[in-house]
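Biologist: I'm new to this one. Could you show me how to read its sheet and its core?

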Amino acid sequence: MRVLGIETSCDETGVALYDTDAGLLADALYSQVALHAEFGGVVPELASRDHTRKLLPLVDQVLADAQLAKQDLDAIAYTAGPGLVGALMVGACTAHGMARALDIPVLGVHHMEGHLLAPMLEETAPAFPFVALLVSGGHTQLVDVRGLGDYRLLGESVDDAAGEAFDKVAKMLELPYPGGPQVAALAERGRSERFRFPRPMTDRPGLDFSFSGLKTHTLTTLRQLHEQDAFDDQAQADVARAFEDAVVDTLIIKCRRALKESGRTRLVVAGGVSANRRLRETLDIALTKLGARAFYPRGRFCTDNGAMIAYAGAQRLIAGQHSQTLQPRPRWPLAELTPPGC
Ligand code: ATP
Ligand code: MG
Ligand code: FE
């Protein structure tokens, strides 16, 4: 079955073509980063307009790359939520319109289920069951995954998502939007011994996270440096390093705890922050000691993309599921999902 995947939940227009026999045939991405950069964050109305402009050309591009025609498609999957309502609407209407015209099934996919299944596009795909750490711009969650659509929330951030904290700290450090990769690059030059930032909520039981205090701690440190006239390039890098170390450590402490408590030996790490090099390196070492193993998406499938939506949709579509309604779901808890057919 050849499934076209469409992702428009935020500021990336992603399109891909996944074949349930042959695997990923083509994928294309248009990032709106430059459009939103001058505002320091995503402007929803501009995002919707840009998706409208870019989506159909990307569909054509993906079909051309795979040397296929629209008539060769067997189904269409699109991100139905969570995300920005206007942005989701562009993907939903396009998907339903195309599916109507071609008389093929269409399915609305959960954006975080897409992130969660993205490592399955890799050569060494994780087998069910596993624990998933979803770390992105809007989510920080630990989920016990027993199978497709069988998700139990183990813990989540009570305030900011890890990616959101990276982006806000980037602003404090006067780095351009989107800040996560910029903070990570700056941290490479930072020294870990200069500052030690707190590891929030690790000294008590449970699997929830909190990153807002860490953000405030970063701001306070920066203010003190400015007051002491000690803020320079090295200090900036040292603060980035201390922040990154604290986030990475905190995530790893909770992952280890989740694996121990659930008895799982596989950990999936997905979402934008899973691209972070220091997180991957430190986590791999920590898990080896536990006799467990981590699975990640390839770099460009950590952040939003069409491939993860085509893949997640394909898994549900081959099980016979398709959408009844076109209604996007801007808010949609992952744990509400059920396995196909349930
Ligand atoms: P959600 O998936 O929760 O709806 P989103 O789609 O906006 O949110 P993603 O596209 O998955 O989020 O990820 C974007 C986030 O990942 C941003 O916050 C960005 O700063 C962060 N990020 C990307 N690369 C890195 C990196 N190397 N280190 C740290 N953070 C990163
Ligand atoms: Mg994005
Ligand atoms: Fe995302």
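This is a predicted model: local features need pLDDT of at least 70, side-chain atom pairs count only at pLDDT 80 or more; totals for chains, interfaces and linings use all residues.

Biologist: Which residue stands opposite H110 in β5?

Modeller: In general, strands of a sheet pair through backbone hydrogen bonds, either parallel or antiparallel. Here, G81 is the residue facing H110 of β5. Strand β4, residues 75-81, runs parallel to β5, and five bridges link the pair.

Biologist: What is the order of the five strands in the open sheet?

Modeller: Read across, the order is β3-β2-β1-β4-β5, and the pairing is mixed. From one strand to the next, the twist averages 20°.

Biologist: Which strands does helix α3 touch?

Modeller: Helix α3 (residues 85-102) packs on the sheet against β1, β4 and β5, and its direction makes about 160° with that of β4. Helix α10 (residues 306-317) packs on the sheet too, touching β1, β2, β3, β4 and β5.

Biologist: And the core: how many residues does the largest nonpolar one have?

Modeller: As a rule, in soluble globular proteins nonpolar side chains tend to be buried together. The largest nonpolar core here has 59 residues, and L4, I76 and Y151 are among those with the most contacts inside it. Its largest share, eight residues, comes from α10.

Biologist: Why does this core lie between domain 1 and domain 2?

Modeller: Because domain 1 (2-117 + 301-336) and domain 2 (128-296) both give residues to it. Another core, of 46 residues including F195 and V273, lies apart from it.

Technical notes: Residues are numbered from 1 along each chain as its sequence is written. Chains are lettered from A and ligands numbered from 1 in the order in which they are written. Side-chain values use heavy atoms; hydrogens and water are left out. Two strands pair if DSSP finds at least two bridges between them. Helices (H or I, at least four residues) and strands (E, at least two) are DSSP runs, numbered from the N terminus. Axes are lines fitted to C-alpha atoms, for helices over the stretch in contact, and angles run from 0 to 180 degrees between N-to-C directions. Contact means heavy atoms within 4.5 Å. A nonpolar core is a set of buried Ala, Val, Leu, Ile, Met, Phe, Trp, Tyr and Cys residues joined through side-chain atoms within 4.5 Å. Buried means under 20% relative accessible area, exposed over 50%, partly exposed in between (1.4 Å probe, protein chains only). Domain bounds come from an automatic or database domain assignment.
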